Amino acid sequence: MDYTDRIYIGTVLLERNRWSSREPSFQVSDWARRMAEAGFDGIELWQNHAVKATEQEREKLKGSPCPVTIFNSYAGCEDEQRAEREEAVQLARFFSARGMKYNFGRDKARHAAYRTNVRDWREALPASFRFLCECHGGSSMEEPEIAAATFDALGNGGYEAIVHVMNREEGAVRRWFERLGARITHAHVALSGPGPNERGAICLSQDPEFVRSRMGLLRELGYRGSYTIEFTEGVRGHEDRERLFENAVADMAFLRECLGKY
């Protein structure tokens, strides 16, 4: 399946408890039709919107008009978290997801063990499945050089990478592409304010020159992957889910406009 320029919505964007209790505060199925009608190509489903959902909710999501395309897993890579990884595989299969987002652990001293467990995790999934490592700050894959060496050690078994393409530091984005190149197949989209005192997420249209320039850079670097609107203006503090959804739709539309120019 061609996923070039597909744009998904991350349900973590709409979840006000994402960083607190992590208990779902709404049912994604109630929003799925609106997501499809708004034009999203699919859903990146936050783990707990499935793990902590009722069987009825999971069945609704399985037949969702906006398909669960990527399963956003927070299963650990530690030896003792094997059951979590197996559950993530089962749920990804249940939803017929095309890919899974995962993270390496935080303890860099355990990186080799993480790598072994990641290989086992990958082998439990179909060959065509997108196994997407989010190269995230605070994980043992936060440096491009380490990530590149790790992927080289894992081999060519369908190991792909996610980067945060709206990072304000252009040099950091270039480093990731220099080290990982074509392994980068998915992007999380969240734009922070431009000043040091404006670190909250803003809508893409609030800094159009930056976003257009960044999308041009991605084309220059050869990126031909998919995108998830991960966060937008209104995240943190007192969150209005309706407003968050409207902003996510606006971000999707602006991103499509940019993609149409390159």
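I began with the side chains of K108 and E142, which meet in a salt bridge at 2.8 Å from N to O; the model I am reading is a predicted one. This pair links distant parts of the chain, with K108 in the loop between β4 and α5 and E142 in the loop between β5 and α6, 34 residues apart. I looked up accessibility and found K108 partly exposed at 47%, and E142 likewise partly exposed at 26%.

I then turned to E160 and R130, whose closest N and O atoms are 3.5 Å apart in a salt bridge. E160 lies in strand β6 and R130 in strand β5, 30 residues apart, and both residues are buried. I also noted that salt bridges with shared partners join E143, E145, R175, E178 and R179 into one network.

My search of the whole structure gave 19 salt bridges. One more that I followed up is K52 with E23, at 2.8 Å between the closest N and O atoms, which connects the loop between α2 and α3 to the loop between β1 and α1.

In that loop between β1 and α1 I also found R22, which has a positive phi of about 65 degrees although it is not a glycine.

Last, I checked helix α9, residues 241–259: at 1.5 Å a residue its 19 residues should span 27 Å, and the end C-alpha atoms are 27 Å apart, so the two agree. At its start, a side-chain oxygen of D240 comes to within 3.0 Å of the backbone nitrogen of E242. The buried residues of α9 include L244, F245 and A248, and its buried residues pack against β1, α1, β7, α8 and β10.

Technical notes: Residues numbered from 1 in each chain as written. Predicted model: local features only at pLDDT ≥ 70, side-chain atom pairs only at ≥ 80, totals over all residues. Heavy atoms only, no water. Helix = DSSP H or I, 4+ residues; strand = E, 2+ residues; numbered from the N terminus. Expected span 1.5 Å × (residues − 1). Buried < 20%, exposed > 50% of the residue type's maximum accessible area, 1.4 Å probe, protein only. Contact = heavy atoms within 4.5 Å. Polar contact = N/O pair within 3.5 Å; in protein donor to acceptor, adjacent residues only side chain to side chain. Salt bridge = Lys/Arg side-chain N within 4 Å of Asp/Glu carboxyl O.
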